[in-house]
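Trainee: Could you help me learn to read a protein model? I would like to go feature by feature.

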Amino acid sequence: MRHARRTARRITRLAAVGGLLCGSLLVTRAIANEPGASGPPVPVGERLVAQLGAARTAGSWLGADGRTVVAVTDAGAAADVRRAGARAEVVRHSMRDLRSAAATLRAAPRVSGTAWSMDYGSNEVVVRADSTVSAGDWSRLAGVARTIGASVRMERTRGTFTTRVDGASPIFASGGRCSAGFDVTDGKAAFLLTAGHCGPVGTTWFARPGDATALGTTVSGTFPGNDFSLVRYDDGVPRAQNDVVAIGGGRGVRITGAADPVVGQRVFRSGSTTGLHSGRVTGLNATVNYPEGTVTGLVQTTVCAEPGDSGGPLFADGLALGLTSGGNGNCDAGGTTFFQPVGAAMTALGVRLTSTSGDDDAEAGAGSGQARPGGDVAPSAPPAGSEAGAPGEGGTGTGVGTGTGVGTGTNMGGATDTGNGTASGTGTGADTGPVAAISRVVNTRSVGPGLLVIGGSLIALVAARSMRSSRRGRGAW
């Protein structure tokens with residue numbers, strides 16, 4: 001009998017200790033798996049390219065099946081890529097070769113109306129010349145390409161490469177019209193991020209033509225070279241919608257952070273001239289020789305744009321990606337559009353998205369993204385048959401608010417309106433209280449069971465200890 005009781009106590013203690021370990025693991029994983037202030041994780045393709053180096057890789061992209069593909073130059077690198085869960089494609093030219101080719105093109109005499117970018121899929125630097133490039137300039141540029149070798153491909157393209165001056169919401173200056181990009185802050189003041197070619201430092205912007213009160217003034221920026229500028233809001237008052245990009249029809253997408261785009265990624269652009277459109281990233285680190293000057297480090301996409309869309313936001317899955325710079329074509333025939341990466345612009349300007357700021361920053365005058373200028377001004381509605389631009393397509397994810405919704409159905413950019421909640425729009429929901437704040441830090445669905453397991457295990461340990469003490473008091477231990 002004594003042996004049986006001793007065995008039961010041992011089993012109870014072992015079970016309790018095991019429960020403590022399991023409960024702790026549940027809580028730890030719940031906290032660790034939630035996105036934190038460090039931002040989105042580095043894509044696996046980008047990480048592998050950085051690890052293997054420019055001599056053994058030649059970029060990465062998302063395949064048609066959504067799987068990451070990494071271009072490699074040897075079998076060992078291919079094996080490393082496969083072990084990481086990605087697909088390897090052995091190519092002839094390394095990233096070092098492609099960068100060398102691009103550097104040679106940059107060093108050649110500048111030809112307005114040309115652009116080039118690295119096409120990872122074809123393992124080439126593709127040079128494009130628009131309709132303004134003369135036969136003589138084309139011949140000279142082709143001669144430069146021949147000296148580089150097989151890593152360069154030449155293409156003629158229709159239309160002209162131009163900046164898109166004239167956005168999600170329009171902003172106006174004496175020299176023309178542009179688009180509001182993203183609202184940012186330096187922790188003290190509120191700013192609007194837009195394209196650099198929209199206007200030099202000192203440009204005064206208005207929410208509507210003829211307004212007596214200015215919206216803000218350009219205080220910093222660069223173009224050509226890069227294509228971004230910073231407009232300081234004149235009033236500096238807090239805005240309630242500082243993390244929303246308008247997509248038309250009174251709807252919006254909430255921006256939760258910033259990221260670098262990936263080749264093959266589906267992306268969305270909003271602008272005051274053409275509204276919301278989508279496409280895919282086809283190249284990075286692109287160079288464009290606009291008539292006004294050369295801009296480097298751009299993102300190349302198949303998204304269309306037209307004059308007036310300049311400065312407007314490029315985004316996907318609730319993440320800010322870029323600012324509309326320029327391109328060719330239009331939204332009837334299609335074309336190529338280039339974007340200034342938003343991360344590089346914010347780093348250079350020393351600002352951050354207002355959506356990543358704390359309450360103190362909001363009180364200091366966090367701006368309102370595309371919904372701010374004019375208050376009731378929004379880009380034109382997306383095409384019929386789509387809640388967010390591309391017919392029959394929408395984003396992923398689940399809305400979290402319970403306040404005033406901004407539309408029904410699925411919004412693109414990584415959020416879904418459910419019921420009357422605010423998922424990616426401009427309403428005020430129940431996502432500002434302490435419970436919601438906790439839920440953004442930890443996964444309560446995993447924490448709850450973990451805490452219950454820990455509590456039950458502690459009770460079992462206490463019970464086993466009491467049984468032992470009781471038996472000692474009666475001389476039975």
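Trainee: Leaving aside its neighbours within four places in sequence, which residues is alanine 88 in contact with?

Mentor: A word on the source: this is a predicted model, where local features need pLDDT of at least 70, side-chain atom pairs count only at pLDDT 80 or more, and totals for chains, interfaces and linings use all residues. Residues are numbered from 1 along each chain as its sequence is written, and side-chain values use heavy atoms, with hydrogens and water left out. Contact means heavy atoms within 4.5 Å. Beyond those sequence neighbours, alanine 88 is in contact with Val70, Val72, Ala78, Val81 and Arg82.

Trainee: Where is alanine 88 placed, and is it buried or exposed?

Mentor: Strands (E, at least two residues) and helices (H or I, at least four) are DSSP runs, numbered from the N terminus. Alanine 88 is in strand S3, residues 87-90. Buried means under 20% relative accessible area, exposed over 50%, and partly exposed in between, with a 1.4 Å probe and protein chains only. Alanine 88 counts as buried because its relative accessibility is 17%.

Trainee: Which residues of helix H2 are buried?

Mentor: The general idea first: an α-helix has 3.6 residues a turn, so residues three or four places apart point the same way. In H2 (residues 44-52), Gly45, Leu48, Val49 and Leu52 are buried. They cover an arc of only 100° around the axis (taken from the directions from the helix axis to the C-beta atoms), which puts them on the same side of H2. Ala50 and Gln51 are exposed on the other side. Strand S1 (57-62), strand S2 (68-72) and helix H3 (75-83) are among what covers the buried residues.

Trainee: Which residues touch the most other members of the largest nonpolar core?

Mentor: In soluble globular proteins, nonpolar side chains tend to be buried together. A nonpolar core is a set of buried Ala, Val, Leu, Ile, Met, Phe, Trp, Tyr and Cys residues joined through side-chain atoms within 4.5 Å. Here the largest has 32 residues, and Leu105, Met118, Tyr120, Val125 and Val267 touch the most other members. Helix H4 (residues 95-107) gives the largest share of this core, 5 residues.

Trainee: Which residues of H4 meet helix H5?

Mentor: Ala101, Thr104 and Leu105 in H4 meet Leu141, Val144 and Ile148 in H5.
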